[in-house]
Amino acid sequence: MSTVKQENLKFAGVSETYEVQAHPQSNRLYHISMKPEIVKRFFQRVRENDISVQRLEYTPYERHVVAGFLLELSGSGLQDVILNILHDRDSGGFTIGVQGEQLNTDDYVIFSTALAHLAGLPNHDAMSNKYYARFTVKDTDDSDSYLRQAYRLFTMHTDGTFVDEPTDWLLMMKMHEAHAKGGESRLLHLDDWEDLEKFSTDPLASHEFTYKAPPSKNVAQEIKRTVFFKVNNKPCICFIDQFAHPESIEEANYLKNLSHSMESDKNVIELELPVGDLVMVNNLFWLHGRAAFEKNPLLDRELLRQRGRFTK
Ligand SMILES: [Fe+2]
């Protein structure tokens, strides 16, 4: 559990339509509670305007239109709160949800689309060929990465390592969950990582590693990236163990030791995310992964992801 001082909660407060509080699991994160009435009215507006998931997929402007609905109903301050939190180095993350509204998974796609478009623009997700991707974790899996392998730890990483476009933020929404024990999203803020100094000042911190994606990602290009880089004079990270291709024993050991150090850091948060809630984090200084699930033949969990860039 992270031990961050209370003064980092600079965006906490109450408005007529939502409340911003410290997240119960970490003072690095906030939880935004929308008034249930606002969520209800948001989906009324969506239905009155006949906006479906297919409509959002086919017509990009509708994605901004639903973000506009949420902003209109909650007050324009919501967008500033979201952007301020995501940009704030002391925090950079929050959770928000549909407040127990009885909804279907298409509604969750619509809600997450509104949130993503308050933050910026989602990147094209080559895995799904859409601006978002939904992926299910079950008892068995035949894929070529750890994404869907339920009983393995999915190691800490950032997203967008093997694509040639900025990935400033990441959104993950819990769509469905049955017979799932474990499998929490694991999160680590870079400034809470005890070995940050050691690895970010190593000569290999600025070495350009080659990243290649496996076939399921539908990304053929190779990218060269340094593990650490600076934004506003603070170290940021771009790392995933599976897709980095070191060229020497020394480079390999640097990556392996870095990964091991992050996995075993005592400040890793195992986030409890109810169905209908989403988490958004700054992808430049938050690492994410997934705990292993407990074995269950009926395991069935679905997450939605969107990752993108800031536009403001
Ligand atoms: Fe990821």
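Colleague: What spacing do the donors of the iron ion follow along the chain?

Modeller: In this predicted model, the donors of the iron ion are spaced as H-x1-D-x128-H.

Colleague: Okay, and which atoms coordinate the iron ion?

Modeller: As background, ideal angles at a metal are 109.5 degrees for four tetrahedral donors, and 90 or 180 degrees for six octahedral ones. Here, His157 (NE2), Asp159 (OD) and His288 (NE2) coordinate the iron ion, at 2.2 Å. Aspartate 159 sits in the loop between strand 7 (154-157) and strand 8 (169-178), while histidine 288 belongs to strand 17 (residues 286-290), so this pair ties together parts 129 residues apart in sequence.

Colleague: Are aspartate 159 and histidine 288 buried or exposed?

Modeller: Aspartate 159 is buried, and histidine 288 is too.

Colleague: Now the helices. How do the axes of helix 1 and helix 3 cross?

Modeller: You describe two packed helices by the angle between their axes and the distance between the axes. For helix 1 (residues 36-48) and helix 3 (residues 60-74), the axes come within 10 Å and cross at roughly 140°. That makes helix 1 oblique to helix 3. The crossing is right-handed. Helix 1 brings Ile38, Arg41, Phe42, Arg45 and Val46 to the contact, and helix 3 brings Val66, Phe69, Leu70, Glu72, Leu73 and Ser74.

Colleague: And what order do the three strands of the open sheet have?

Modeller: Strands of a sheet pair through backbone hydrogen bonds, either parallel or antiparallel. This open sheet has the order 11-10-14, with antiparallel pairing. Strand 11 (222-226) and strand 14 (244-245) are the edges, each pairing on one side only. Strand 10 (residues 208-212) is joined to strand 11 by five bridges, and phenylalanine 209 has arginine 225 in strand 11 as its bridge partner.

Notes:
Residues are numbered from 1 along each chain as its sequence is written. This is a predicted model: local features need pLDDT of at least 70, side-chain atom pairs count only at pLDDT 80 or more; totals for chains, interfaces and linings use all residues. Side-chain values use heavy atoms; hydrogens and water are left out. Two strands pair if DSSP finds at least two bridges between them. Helices (H or I, at least four residues) and strands (E, at least two) are DSSP runs, numbered from the N terminus. Donors are N, O and S atoms within 2.8 Å of the metal (3.2 Å for Na, K and Ca); water is not among the atoms, so sites may look incomplete. Buried means under 20% relative accessible area, exposed over 50%, partly exposed in between (1.4 Å probe, protein chains only). Axes are lines fitted to C-alpha atoms, for helices over the stretch in contact, and angles run from 0 to 180 degrees between N-to-C directions. Angles under 35 degrees count as roughly parallel, over 145 as roughly antiparallel, 65 to 115 as roughly perpendicular and the rest as oblique. A crossing is left-handed if the near helix is turned anticlockwise from the far one by less than a right angle, and right-handed if clockwise. Contact means heavy atoms within 4.5 Å.
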